[in-house]
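Trainee: I have a two-chain structure to look at. Can we go through it together?

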Amino acid sequence: MTNPMIKPGPMICPFCGPRDASEFRYGGDPSVARPGFGCSDADWAGYLYVRENPRGLAREYWVHSQGCGQWLVAERDTVTHLVLRVTEATP
Amino acid sequence: MTAPVPGIEHRYSALRLFREGLRGQRGWTPAWRSPEPRRRYDAVIIGGGGHGLSAAWHLAKDHGITDVLVIEKAWLGGGNTGRNTTIIRSNYFHRESQVIYDASLKIYEGLSRELNYNIMFSQRGNIELAHAPSEMEGMRRVVNAMQVAGIESSLLTRDDVLAMVPLLDPSPYCRWPVFGGMIQRRAGVARHDAVAWGYARAADGMGVDIVQNCAVNGFRIEGGRVRAVETSHGVIEASVFGMAVAGASPELARLAGFRLPLLCMTLQAMVSEPLKPCLHHVVASTPNSAYVSQSDKGELVIGGGLEPVPSYARRGDLAKTREVLASVVEMFPAFSTLRLMRQWGGTVDTSPDNSPILGPSPLTNLYLNCGWGTGGFKAIPIGGKMLAHLMATGRHHDLSAPFGLERFATGRLIDEAHAGVAHD
């Protein structure tokens, strides 16, 4: 499910519809992948500490913590705070 | 090359003020030049905030390197240097942090004289409030650690706190009752713009070139070394580079081909309308996530914690403003009648352990000064001194050695996650 969003305002949960932003909590960078056993210390440090942190469009985990409790992936601009798309997070 | 010593004509003094008064104020000149950058320098510093300008001053003063360029994308001190709540303190728990922040405080104590520029450092004392016995236990631990390190700090009883800060709500039944606290008496506030301008003027007087409105768009890298930076004023070569760009660090690192363990977030601050003197100290409550001091103009300067979302917006979210103001009014009921005059935000580069990153980068002649997160203003003198030492010698100073980028791989973190509300 996707929800286009073109202007700032409530975030749109794919399950609950438009809801106040205060109901949602930021949940981290979905691009982080756990390296295998036997990886180098540098790779492990990268997994633990290095995040995409883009200036502009970002893919982010969010959780509708005060609503349905679902984990979501939002495409959000980190400069304008515009939320462009919210989809269900898949494992 | 010897540095041009600023002549008596250009020193700021009561005598000069008097003389200019008699001459109709016509003898003042700009505090620093604005030259076109040359094509090559010995050293280039990216970032004309407090840390970058301080680094330029220390390159010239400590190491005799005056063929230096400071590149600033916008205007001097227009980033976090000009957006913070100006608190200077060194009440940290870990030894590595204590010594580096206290070294910074010590430089601040003599900085107006060192730079011949009044930074208005006012050592009015920083009080951290405890609201419960368990918080008092935590403060006892911090105060003990500071005293062992030889840094003045003491515990305050509830009566001590209420006598020093009479406007605090004294009720034992309020949301955040005062249980006690701790104070660092040498801590205080300074005029943030003056810190940037004072360093800029002093560095310029030693021959450093400062270029504003000049963005870095790329790096020319050969064999793991930076040969030149591509800027909006052309390609500029240097033997050694430093970067002190706070919230722009991840972007700049990306341009240079590496990544940093930083997350950029918004920290906001605000000021009330001006009042007659009513609050002497800086008063902070970590559990209540707010801190407040009164500026020389009489405004209450108010800050709180980070906004909980990555952001480069450079403006504070209203939800956080409301939260911080609610906390302040809880502690100081009398402030509820005040009007807010301004509110703003800055992009801070937070590191995983809330400690800065100082040291070599993955490129051999590019050195890092970043990750100060919410606490960079207090560290401007020492951060610049450390970056200058790294750039001039290629090696760590003893104070900066624990703060290298490699600590994230070795696991030797300096965890200051609880070093204050937003450690300013």
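Mentor: We will talk about the interface and then the cavities.

Trainee: What kind of model is it, and how are things numbered?

Mentor: This is a predicted model, where local features need pLDDT of at least 70, side-chain atom pairs count only at pLDDT 80 or more, and totals for chains, interfaces and linings use all residues. Residues are numbered from 1 along each chain as its sequence is written, chains are lettered from A and ligands numbered from 1 in the order written, and side-chain values use heavy atoms, leaving out hydrogens and water.

Trainee: How many salt bridges cross the interface?

Mentor: The rule finds two. It wants a side-chain nitrogen of Lys or Arg within 4 Å of a carboxyl oxygen of Asp or Glu. One pairs A:Arg55 with B:Glu251, whose closest N and O atoms are 3.7 Å apart.

Trainee: New topic. How many cavities of 30 Å³ or more are there?

Mentor: Three. On a 1 Å grid over the protein atoms alone, a cavity is a set of points where a 1.4 Å probe fits but cannot get out. Lining residues have an atom within 4 Å of a point. Points are joined across faces, edges and corners, and the volume is the space filled by probe spheres set on them.

Trainee: How much space lies in the largest cavity?

Mentor: About 70 Å³. Its lining includes A:Tyr26, A:Asp29, B:Leu263 and B:Pro310.

Trainee: What about the second largest cavity's volume?

Mentor: That one has about 50 Å³. Among its lining residues are A:Arg51, A:Glu52 and A:Asn53 from chain A, plus B:Phe258 and B:Arg259 from chain B. The largest cavity is lined by A:Arg51, A:Glu52 and A:Asn53 too, among others.

Key:
1 Å grid on protein atoms, 1.4 Å probe; cavity = no way out; pocket = protein on both sides within 12 Å on 5 of 7 lines; lining within 4 Å.
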